[in-house]
Amino acid sequence: MTCGCCHNRLPVTHRIASVKRETEQVTSFTFAVSLGAKPGQFVMVWLPGVDEVPMSIANDDGKQLQITFFAVGDTTKKLALLKKGDLVGLRGPFGTHYEWKPKQHLSLVAGGYGAAPMFFAASEAAKDQCTLTAIVGARSKEHLLYLDAFAKLKGTTVSVATDDGSQGHKGYNVELLSALLKGKKKPDQVFACGPERMLVAVSDLCHEQKVPCQISLERYMKCGYGLCGNCTVDPLGIRLCTDGPVVKNELARTITEFGKYHRDHLGKKHSL
Amino acid sequence: MSLSQTVRGVTFQNPTVLASGIWGITASSWRRVAANGAGGITTKSLWLAEHKGHPNPTIISTPHWTLNAVGVPDAGLEKAREEIGDYNKKKPVPLIANIIANTVDNYGKTAAEIVQLQPDFLEVNISCPNVEDEFGKPFACSVRDASAVTKAVKAVSGKIPVFIKLSPNVDDIGSIASACAEAGADGFTVINTVGPGMAIDLRSRLPILANKVGGMSGPAIKPIAVRCIADVYRATGGKFPIIGTGGIMTGEDAIEFLLAGATLIGIGTAIGYRGAEVFRMVCEEMTAWCEAEGVKSVTELTGGMHRALSSSRP
């Protein structure tokens, strides 16, 4: 007995079509291939001979696929050194994705390089005549991502928050979301992607204001398709590679480890 | 129609058991698998101390096979205590603790610690093909080593039944099983992954798995598992319970394993093909087959092929 569901479980190497240095530490690669990915899904990115890591997909328009990553670990630092024409393996897409209805008003909260998948969601939702508010946050002006890209989308308002006030609101992007949710025109839904502390704040706020919300949760992943169990979360035992990474707020709020701890490749707990 | 099996005094509501290595890291995940219909749970291999696995890619697959070289990562005894302790507080189905070590002595030490956590069975992994660079040929590849590990574990296991997990990658699995039986084993898990195998990325010309090679599982290995179960059953006179595992996808696959000599059946890789619900699906398919064939209990199926063979001889 075989099935047609597992064509995407062997990595295939592709040549990098273009490299863009987004900030000092953030790089985007474009590949001349579509994996038919939806916003919020992830792909396992393989650097042959080194390692394979999960990454959110920054765009897949049916012709090209883009990833945007922060060079923070050994593998991503080595990936950042690659040039146009170098080979990178892609396996996926995996996981759940953001969901919306045509013509909805969506608020998208992006922290750090979470701006990349949020842009993918925004660009697809804009095609469905959704009106969008992108709330982009970063430590400082030079770490802000995808602002120009968001601004070019139809029906999109962009607001910015930086920790040091070097651009836009001085403080957290969640403070801007709070003002929006407490105002007269509440969005139909909030989407969020970024550091887990930001996600907890978004989750609490949306729960309190009774606004539906979808957030992207990250855990250590190996297989990407629900076999190894490395990304299961307490106490539900669900696998975030198949039941996530995008989860509805009601589900996120039943994950007791959300905002508290995560597990490493050995399954050992680490506080957030 | 009853799917229930009682093995070495432990009752399983149905014969499906989560195989070791899959989705088996935390108490939460064990309960989740039980909620999906598994009759029992096997933990991922437990080490005495922390053991690092291999870098990614560690698991890759096609519709026919899966290769893995995760490298048996584990956080060590403290985590085992926490997770098994948690599971025992609210335990939906029996728990089989799978243990691994690098020396005969350490198998004994690990077993002595884990039996204190009161699992229903101990399963001894002497057959992982993914750590050969680190430890050399698995203990399951030698009659002497397999027997020595069995003795070391049995010396400390008390009343907890000990199942030895065997490798298909040997000339004569029956002789290994016989040696373990003589050394005191209470049952066998047959089989661990096959090979190892290799897959190459065409453009980079490099092996895909970071470990280069990995154990093969999935539907393609099922006939090898069936033959190995039959060999072990025959070599040990049909007197030892066997947890048959390797390539099971459907209820009919499971029945084939029982006929070859299995009492319980391990499901792992099939989760990747049919989803977490595979345990319930396999049980429903077994029930449907048994009802259509007038089989009242799965207990009557174990070893059926051997009885059919002897009765068909002139």
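The questions and answers below concern a predicted model.

Me: Which strands of the open sheet of 7 strands in chain A stand at the edges?
Reply: The sheet of chain A has mixed pairing and the order 10-9-8-7-11-12-15.

Me: What is the bridge partner of Thr162(A) in strand 10 of chain A?
Reply: Strand 9 (residues 156-162) of chain A pairs with strand 10 of chain A in the parallel sense, over 2 bridges. The partner of Thr162(A) in strand 10 is Lys170(A).

Me: What angle does the direction of helix 4 of chain A make with that of strand 8 of chain A?
Reply: Helix 4 (residues 173-182) of chain A packs on the sheet and touches strands 7, 8, 9, 10 and 11 of chain A. Its direction and that of strand 8 (131-138) of chain A make an angle of about 150 degrees.

Me: Which three residues supply 18% of the area that chain B buries against chain A?
Reply: In the interface, 47 residues of chain B are in contact with 44 residues of chain A. The buried area is about 3500 Å², and carbon and sulfur atoms give 58% of it. The three residues of chain B that supply 18% of its share, more than any other three, are Asn56(B), Ile59(B) and Arg203(B).

Me: What is omega for the cis peptide bond that joins Val190(B) and Ile191(B)?
Reply: Ile191(B) is found in the loop between strand 10 (187-190) and strand 11 (194-197) of chain B. For the cis bond that joins Val190(B) to Ile191(B), omega is about 20 degrees.

Me: Does Gln118(B) count as buried or exposed?
Reply: Gln118(B) is not a glycine, yet has a positive phi of about 60 degrees. Its place is in the loop between helix 3 (104-115) and strand 8 (121-125) of chain B. The relative accessibility of Gln118(B) is 53% and the cut-off is over 50%, so Gln118(B) counts as exposed.

Key:
Residues numbered from 1 in each chain as written. Chains lettered and ligands numbered in written order. Predicted model: local features only at pLDDT ≥ 70, side-chain atom pairs only at ≥ 80, totals over all residues. Heavy atoms only, no water. Pairing = 2+ DSSP bridges. Helix = DSSP H or I, 4+ residues; strand = E, 2+ residues; numbered from the N terminus. Contact = heavy atoms within 4.5 Å. Axes fitted to C-alpha atoms, helices over the stretch in contact; angles between N-to-C directions. Buried area = accessible area lost by both parts, 1.4 Å probe. Buried < 20%, exposed > 50% of the residue type's maximum accessible area, 1.4 Å probe, protein only.
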